[in-house]
Amino acid sequence: MAKKPTKNTVTKTNYSLDDFKKSQGVQKTVKDKDLSWVPLSKAWHDAIKLPGFARGYVNSVRGYSNTGKSTAFYEAIAGAQRIGDLPVIFETEGNFNWGHAKMCGVEFDEIVDEDTGEITYGGNFLYMSNRDLLNKYQNYDHQNSKMTTKPLRYEPVLEDISLYMTELLDMQAEGKLKENLCFLWDSIGTLNGFKSAMSKTSNNMWNAGSMKCFQAIVNYRIPASRREDSEFTNTMINVQKIWYDSMNMKIKHSCGEFMFFNSRLIVHLGGIISHGTAKLKATALGNDFQYGIECKISCEKNHVNGLEKKGKIASTPHGYWNPDELDAYKKEQRQFIHDNLNVEYDAEISYTIEKTPKSEMDSER
């Protein structure tokens, strides 16, 4: 039988572990700030018992098309504004709806040019569309990390996003940008990597490899902002496109698994092998209006506080609602629903829940 090891007493003459740590530059270990959240609606908390997305972490929300992911995106922008963090919006889906964003609580100014009639948007955010990214980095050679004198491509690439994030974080570190940053990207899987763009192809393996450009951001620069000695707290929230691998019976992520492995919090909307959604419909005088979607919601990964819950949630033009409280929504938004049905306010409306057929499932690659 093995003997229980005994503690050896080592004679320590003129030796201090604290002095040794100091010589190695590791004399102190700094604790993290208290956990805080980019808040979403009450319905989000009702469903999965989380207040929103964790600040100082990389978060992802994923699901098939038309499962309410954009609602999470808009609510997160509004939530960041409410707590004073600066939303940095990367909208590469090409489908940002300013009206929907406003109804979800996003604050912005609509500015009309009196001479041209052009409408622009301003406010407490930074907004980068595909065109904005291309205009800024069209001449940038990501392979050799230098700006050239002529355009190299005519599409934005994954590396443009990581470069702009890095530049903003550098400016924050240099004292030129005094804001907590909340990076929001809708969505991963919509852009090629630099190598694909330069070869005028869309190579999935190359694009997955390009995601490594976020390595330092997700593994150091975002997490390091949680330390108590960090002046700012920075957050990343991603919308992730997925598809179902029927051969291996598992979810796959567009642009590879890099962000899946590096996200500390992942929320899944809808089902796994199908949408898992139902259409919320209003009908009056032969007219139909889909005023929302009810779907499953689950916290699939939580390395923040470990809480992983499942539930149901309703996505509406005005944000998320608890499915059990939709009668209150219908009452509150009665005029909105009547207007979209194009009927008088006193017209009788019937409400139905219609399951999404499997044929409408869009397995995105």
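Predicted model: local features only at pLDDT ≥ 70, side-chain atom pairs only at ≥ 80, totals over all residues.
A residue counts as buried when its relative accessible area is under 20%, as exposed when that area is over 50%, and as partly exposed in between.

## The chain as a whole

The chain contains 12 helices and 18 strands, and its C-alpha atoms fill a box of roughly 90 × 65 × 45 Å when the box is taken along the principal axes. Of the 365 residues in the chain, 48% are buried. When contacts between residues at least 6 apart in sequence are considered, 67% of them join residues at least 24 apart.

## Salt bridges

The count of salt bridges comes to 13, and the table lists three of them.

| Nitrogen partner | Oxygen partner | N to O distance |
|---|---|---|
| Lys 31 | Glu 228 | 3.3 Å |
| Arg 226 | Asp 32 | 3.6 Å |
| Lys 281 | Glu 354 | 3.4 Å |

Lys 31 and Glu 228 meet in a salt bridge that links distant parts of the chain, since Lys 31 sits in the loop between helix 1 (17-23) and strand 1 (37-39), while Glu 228 sits in the loop between helix 9 (215-224) and strand 11 (235-245), 197 residues apart. Lys 31 has a relative accessible area of 47%, so it is partly exposed, and Glu 228, at 46%, is partly exposed as well.

The salt bridge between Arg 226 and Asp 32 involves these two loops again: Arg 226 lies in the loop between helix 9 and strand 11 and Asp 32 in the loop between helix 1 and strand 1, so the pair ties together parts that are 194 residues apart in sequence.

In the salt bridge of Lys 281 with Glu 354, the partners belong to strands, with Lys 281 in strand 14 (residues 277-284) and Glu 354 in strand 18 (residues 350-355), 73 residues apart. Lys 281 is buried, with a relative accessible area of 18%, and Glu 354 is partly exposed at 33%.

## The largest pocket

The largest pocket has a volume of about 620 Å³. Its lining consists of 30 residues, and those lying nearest the centre of the pocket are Asn 66, Gly 68, Ser 70, Asn 95 and His 100. Several elements give two or more residues to this lining, namely helix 3 (69-83), helix 4 (98-103), strand 10 (181-188), strand 11, strand 15 (287-302) and strand 16 (310-316). By residue type, the lining divides into 15 polar, nine nonpolar and six charged residues.

## A residue in another loop

Asn 124 is found in the loop between strand 6 (119-122) and strand 7 (126-129), and with a relative accessibility of 35% it counts as partly exposed. Which residues does Asn 124 touch, not counting residues up to four places away in sequence? They are Gln 81, Asp 85, Leu 86 and Pro 87. Asn 124 and Asp 32 are 92 residues apart along the chain, and their C-alpha atoms are separated by 27 Å.

Key
Residues numbered from 1 in each chain as written. Heavy atoms only, no water. Salt bridge = Lys/Arg side-chain N within 4 Å of Asp/Glu carboxyl O. Helix = DSSP H or I, 4+ residues; strand = E, 2+ residues; numbered from the N terminus. Buried < 20%, exposed > 50% of the residue type's maximum accessible area, 1.4 Å probe, protein only. 1 Å grid on protein atoms, 1.4 Å probe; cavity = no way out; pocket = protein on both sides within 12 Å on 5 of 7 lines; lining within 4 Å. Points joined across faces, edges and corners; volume = space filled by probe spheres on them. Nonpolar A, V, L, I, M, F, W, Y, C, P; charged D, E, K, R; others polar. Contact = heavy atoms within 4.5 Å.
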